[in-house]
Amino acid sequence: MNMNKTITVTSPLLPDLTEFEKLLSKIWDSRWITNNGSFHMELETALAQYLKVPYISLFTNGTLPLITALQALRISGEVITTPYSFVATTHALWWNGIKPVFVDIDPETGNIDPQKIESAITPMTTAIMPVHVYGQPCKIKEIQDIADKYGLKVIYDAAHAFGVEINGESVLNAGDLSTLSFHATKVYNTVEGGAMIIKDEKTKKRIDYLKNFGFASETEVVAPGINSKMDEIRSAYGLLNLQQVDQAIELRHQVASQYRKALTGIKGIKIWNDTPGVKHNYSYFPIFVDANEYGMTRDELYFKMKEQNIFGRRYFYPLISAFSTYRGLPSAGKDNLPNAYKMSEEVICLPMHHLLNENEVNRVISVIK
Ligand SMILES: Cc1ncc(COP(=O)(O)O)c(C=O)c1O
């Protein structure tokens with residue numbers, strides 16, 4: 001076993017270079033490099049089919065569809081969301097002049113706890129923005145019931161939930177809109193990239209205007225849109241990666257199984273198992289360290305791993321609500337978010353990607369053991 005080779009937390013899924021070069025030469029021949037080119041159109045169709053969703057609009061990253069979804073639904077005032085996510089979730093609210101209202105998470109899933117949503121609703125609340133953290137589905141029905149009762153919109157940050165299904169139905173069909181990130185670190189990547197999942201043709205049209213400066217035709221601008229179009233080069237790259245993403249997910253599944261077999265039952269280390277009926281994408285493998293029971297804090301273990309060239313990630317630490325932009329908000333206090341604070345202080349996401357071999361996974365396991 002090579003004990004010195006660096007084990008990174010992730011590694012990008014890259015298309016075969018020769019295949020990519022063939023598509024690049026087609027792009028060079030056509031001289032059409034962005035603005036709804038043929039690879040862009042092909043990727044939208046292929047992804048909608050793969051993900052089992054009605055409509056999809058490609059974006060240049062996973063943050064701009066969040067910002068655009070809020071614009072499209074004219075969300076304002078206050079939005080209920082989770083502190084246990086990547087900062088892009090709430091930054092999207094801030095960029096729209098919307099106040100985030102943090103609600104605590106369910107310690108079993110890391111996702112917003114629907115039972116705590118109602119008490120955070122005020123006359124200013126217009127929407128709920130949950131996150132399927134690590135690709136673990138939120139309690140979709142409970143959230144929708146609350147939204148329906150109070151007349152709220154639901155926008156899912158589904159950045160981690162590529163391909164996740166519950167009983168054969170995509171989680172991306174939940175709520176009013178869902179967004180994806182195709183960043184290099186994700187299960188499926190287009191280098192940088194993202195998408196919005198849309199339920200009807202009219203909304204798809206409007207989203208397509210909004211991501212192209214608001215242009216509805218050559219001479220008509222219908223909204224203060226943004227520029228967030230995906231180009232032909234990354235669309236072609238994305239088409240090739242789509243052909244191999246199932247295999248990559250299966251390889252991740254094998255890594256998760258190896259971790260689970262070895263780490264189950266270690267005192268002070270909590271891991272999650274698959275949820276019955278859910279098709280997981282194995283995008284992350286979080287473990288939770290109880291310092292008292294394990295005999296070492298999360299940080300001690302994290303730095304011990306680092307010493308051995310094993311790079312996990314304390315994802316999500318610090319909580320969004322602890323950053324300077326947000327910590328002054330009334331809902332950001334530790335007493336309002338005990339489960340989120342606890343999880344953020346206990347979590348390490350272990351190395352997880354399609355290229356990890358058995359020996360490398362064993363190296364990670366032996367540090368923890
Ligand atoms: C939960 C979540 N939301 C949003 C984003 C933003 O995606 P991107 O980096 O593609 O802009 C990320 C990605 O890193 C994320 O993890």
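Here are legends for a few close-up views of this predicted model.

**View 1. The largest cavity and the residues around it.** Start with the count: there are 3 cavities of 30 Å³ or more. The largest cavity holds about 170 Å³ of space. Its lining is made up of 16 residues, with Q136, R260, H280, Y284 and P286 lying nearest the centre. Sorted by class, the lining of the largest cavity comes out as 8 nonpolar, 6 polar and 2 charged residues.

**View 2. The second largest cavity.** This one has a volume of about 50 Å³. The residues lining the second largest cavity include A159, H160, A161 and F162, along with K186, V187 and Y188. S181, N281, S283 and Y284 are also part of that lining. By class, you get 6 nonpolar, 4 polar and 1 charged.

**View 3. An open sheet of 3 strands.** The strand order is β12-β14-β15, and the pairing is antiparallel. β12 (269-271) and β15 (347-350) sit at the edges with a single partner strand each, so one side of each has no neighbour in the sheet. On average, neighbouring strands here are turned by 30 degrees against each other, direction ignored.

**View 4. Zooming in on β14 and β15, with helix α10.** β14 and β15 pair in the antiparallel sense over 4 bridges. F285 stands opposite L350 in β15. Helix α10 (residues 338-346) lies across both strands and runs at about 50 degrees to β15.

How values were computed: Residues numbered from 1 in each chain as written. Predicted model: local features only at pLDDT ≥ 70, side-chain atom pairs only at ≥ 80, totals over all residues. Heavy atoms only, no water. 1 Å grid on protein atoms, 1.4 Å probe; cavity = no way out; pocket = protein on both sides within 12 Å on 5 of 7 lines; lining within 4 Å. Points joined across faces, edges and corners; volume = space filled by probe spheres on them. Nonpolar A, V, L, I, M, F, W, Y, C, P; charged D, E, K, R; others polar. Pairing = 2+ DSSP bridges. Helix = DSSP H or I, 4+ residues; strand = E, 2+ residues; numbered from the N terminus. Axes fitted to C-alpha atoms, helices over the stretch in contact; angles between N-to-C directions. Contact = heavy atoms within 4.5 Å.
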